[in-house]
Amino acid sequence: MSEPTIEDYYHEERTFQPSAEFVAAANAGDRSLYDEANTDLAAFWARQAREFVTWFRDFDTPLEWNLPDAKWFVGGTLNVSYNCLDRHVDAGLGERVAFHWEGEPGDTRTITYAELLDSVARFANGLKSLGVRRGDRVAIYMPMIPELPMAMLACARLGAAHSVIFGGFSPDSIRDRVNDAEAVCVITADAGYRRGAPSALKENVDEALADCPSVTSVVVVNRCDTEVTMAEGRDHWYHDLVAAASADCPPEHMDSEDLLYLLYTSGTTAKPKGIMHTTGGYLTQVAFTHHYTFDLKADRDVYWCAADCGWVTGHSYIVYGPLANAATSVMYEGTPDTPRAEFRAGARGEWPKDRFWDIIERYGVTQLYTAPTAIRTFMKWGADEPARHDLSTLRVLGTVGEPINPEAWMWYHAHIGGGTCPIVDTWWQTETGGHMIAPLPGVVSTKPGSATFALPGIGVEVVDDHGVPVKHGGGYLTLTQPWPAMLRGIWGDPDRYRATYWSEYEGRYFAGDGAKVDEDGYLWLLGRVDDVMNVSGHRISTTEVESALVDHPAVAEAAVVGATDETTGQAIVGYVILRGGHDASDALGEEIRQHVAKKLGPIARPKQVVLVPDLPKTRSGKIMRRLLRDVAEGRTLGDTTTLADPNVFDEIRRRAAGASGED
Ligand code: PRX
């Protein structure tokens with residue numbers, strides 16, 4: 001008889017209970033946290049704030065709420081880098097490993113809490129010597145090397161807000177973000193390793209800074225030993241800066257509501273929003289959720305969040321949550337398909353795709369936190385890859401960034417979690433700062449594909465078009481009460497903050513996601529309901545890509561849709577009308593695709609650009625994206641009765657079949 005298949009093992013509608021052994025040892029093994037939060041929300045969070053955070057001055061009031069403005073832990077002062085470093089060293093944990101770091105080429109560094117504190121204090125003094133002060137903004141554009149969290153913590157130590165810009169963004173994107181924040185300093189590296197070769201970063205910064213008047217200094221880490229141009233007076237090597245700096249840098253006493261960081265994210269317009277996070281509430285919620293969602297045992301676990309620090313997941317669950325909890329983490333620079341050094345000499349086809357599983361085995365990883373896109377990619381590569389490794393140290397598996405389909409959930413559970421690890425599907429956003437909907441792994445039974453319930457202290461309701469809560473069925477996801485790590489606004493645009501999040505449904509935060517509640521009250525996330533795409537767990541706005549398309553001189557008009565994609569969740573498809581005098585050709589389609597990558601960065605490069613003679617429009621001139629999505633996904637067209645010219649589709653379909661794009 002053949003081995004049982006995954007389908008034999010799992011069946012629809014199955015729920016998964018944590019084992020009695022897991023529950024007995026769990027940080028939360030019963031419902032008491034939920035009960036406590038339901039009894040008195042402010043008192044619940046005040047208790048967490050005192051348990052997870054060390055305050056220089058205790059706060060007077062847990063919450064002042066004046067929709068849409070929240071102040072948490074009012075009157076309290078603290079320093080986030082002190083909470084992540086000094087207090088652990090003072091408590092005798094200086095020798096504990098903070099990061100097991102592994103570079104893509106296979107080089108490794110082990111960094112203890114004492115070493116991290118030393119580096120951060122020197123870095124902070126170095127920045128000070130360049131004139132960076134409390135209240136300034138500092139942009140960070142770096143590869144996944146230890147100096148990235150160090151830079152973030154050095155800013156936090158000084159009370160300067162950081163704005164991390166993902167390394168895959170273009171010079172134009174750097175320029176827009178730096179200028180919006182009026183950053184005074186940029187921290188970068190010569191390059192970072194990406195799929196076996198250095199990928200330049202400093203060059204992009206140089207291009208961006210031609211047009212960034214607020215920047216007076218640039219710090220450059222030498223990661224790859226590549227040739228870079230250093231601007232006299234403006235640019236400084238990181239190694240020179242820290243060598244000259246003292247390791248004594250007392251942390252600033254920050255107000256609980258002082259700005260910790262800005263993180264830009266795509267909205268429904270072409271201009272990214274600078275999401276503002278402050279210190280006290282943010283740290284409380286990320287430390288609390290990191291401890292309970294992942295059932296962290298800081299004295300023995302080896303936790304690995306495989307995200308990039310350029311996204312909010314890296315901020316909250318590589319840097320601030322784990323370090324506040326004195327956790328030992330793995331940090332990895334590269335991509336999952338870059339093989340270990342010993343395989344690189346061989347032919348490409350022979351490389352195993354087991355880098356993640358090798359890392360888990362070598363470091364004895366206990367929690368893995370990754371995205372559904374990655375899991376679906378691993379599924380494609382096959383279960384033999386993880387099967388060659390001992391993954392038995394894993395205790396909890398996490399997912400984030402997009403809805404996880406039940407098949408991917410079950411594969412993750414069976415082939416990575418050995419059929420026993422609880423899976424925590426965590427729904428949250430850049431704006432929420434920390435986990436909002438997720439199971440507590442020792443308390444909640446899970447259903448494959450459902451993020452389950454709101455965490456203790458979080459209010460979630462699904463509502464209909466009129467804002468009326470839906471008991472069972474589909475609707476829009478809203479948050480009913482303020483939470484400590486909530487965004488405090490959009491940098492420089494308070495009106496947009498209120499309009500985007502707090503105006504759609506009276507008294508509620510509107511997340512922009514669709515969701516459904518099943519008969520047991522479990523929440524199932526259904527994806528965005530606005531013009532925001534989710535590509536590999538990253539938010540990209542259709543409007544942003546459309547404006548990059550029309551920026552090309554040959555493009556007259558463009559419409560962009562996110563089409564369902566087996567691996568990346570959604571893929572970007574652009575429909576483009578050319579200006580007169582330009583003839584449609586594969587070469588031009590390809591040039592336009594690359595133009596978007598140049599404008600926004602490779603992550604926003606459309607999978608396909610279709611050059612069309614016309615776009616489907618209503619009689620009032622509104623582009624019908626819904627129908628374009630039908631074409632992109634190869635479906636029969638939905639209702640076309642409102643189209644001005646229903647015949648437009650014959651040609652669009654013909655062109656789509658032969659359009660230029662990725663395989
Ligand atoms: O649509 C939801 C999706 O990602 C969006 C937030 O994107 P971003 O701010 O980039 O943060 C991603 C990492 C927290 C949400 O509006 N999303 C995130 N997590 C999930 C999810 N959709 C379904 N299930 C999730 N677990």
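**Contacts, cores and backbone geometry of the predicted chain**

Leaving aside neighbours within four places in sequence, Asn204 is in contact (heavy atoms within 4.5 Å) with Tyr141, Phe169, Pro171 and Ile174. Asn204 belongs to helix H9, which spans residues 202-209; helices (H or I, at least four residues) and strands (E, at least two) are DSSP runs, numbered from the N terminus. With a relative accessible area of 18%, Asn204 is buried, where buried means under 20% relative accessible area, exposed over 50%, and partly exposed in between (1.4 Å probe, protein chains only). The model is predicted, so that local features need pLDDT of at least 70 and side-chain atom pairs count only at pLDDT 80 or more, whereas totals for chains, interfaces and linings use all residues. Residues are numbered from 1 along each chain as its sequence is written, and side-chain values use heavy atoms, with hydrogens and water left out.

At the level of the whole protein chain, 21 helices and 30 strands are present. Along the principal axes, the C-alpha atoms fill a box of roughly 75 × 65 × 60 Å. Of the 663 residues, 60% are buried, and among contacts with a separation of 6 or more, 71% are between residues 24 or more positions apart. The chain carries 61 positive and 94 negative charges, whose mean positions are 2 Å apart; Lys and Arg count as positive and Asp and Glu as negative, while His and the chain ends are not counted, and the place of a charge is taken as NZ of Lys, CZ of Arg, CG of Asp or CD of Glu.

In soluble globular proteins, nonpolar side chains tend to be buried together. A nonpolar core is here a set of buried Ala, Val, Leu, Ile, Met, Phe, Trp, Tyr and Cys residues joined through side-chain atoms within 4.5 Å. The largest such core has 140 residues, of which Leu116, Phe123, Leu127, Ile140, Ile187 and Tyr320 touch the most other members. Helix H7 (residues 147-158) gives the most to this core, with 9 residues. Beyond its neighbours within four places in sequence, Leu127 is in contact with Val132, Ala154, Cys155, Leu158, Cys185, Ile187, Val219 and Leu241. A second, separate core of 27 residues includes Trp357, Ile359, Ala374 and Phe378.

Helix H12 (residues 312-324) has 13 of its 13 residues buried, so this helix is largely enclosed by the rest of the structure. Thr313, which is found in H12, is buried with a relative accessible area of 11%, and, leaving aside neighbours within four places in sequence, is in contact with Cys305, Ala307, Ile318, Tyr369, Val400 and Trp428. Between Thr313 and Thr370, which are 57 residues apart in sequence, the C-alpha to C-alpha distance is 9.5 Å. H12 is followed by Ala326, for which phi is positive, near 55°.

Thr373, in helix H14 (residues 372-381), counts as buried at 10% relative accessibility. Not counting residues up to four places away in sequence, Thr373 touches Glu402, Ser536, Gly537, Thr567 and Thr568. Of these, Ser536 lies in the loop between strand S25 (532-535) and strand S26 (538-541) and is partly exposed, with a relative accessible area of 22%; although Ser536 is not a glycine, its phi is positive, about 50°.

A positive phi of about 50° is likewise found at Asp295, which is not a glycine. Asp295 occupies the loop between helix H11 (280-293) and strand S16 (303-305) and counts as buried at 2% relative accessibility. The peptide bond from Leu67 to Pro68 is cis, with omega near 5°, and Pro68 sits in the loop between strand S1 (61-66) and strand S2 (69-74). Gly467, in the loop between strand S21 (460-463) and strand S22 (473-479), is buried with a relative accessible area of 16% and, leaving aside neighbours within four places in sequence, is in contact with Tyr505 and Arg508. The C-alpha atoms of Gly467 and Tyr332, which are 135 residues apart along the chain, are separated by 43 Å.
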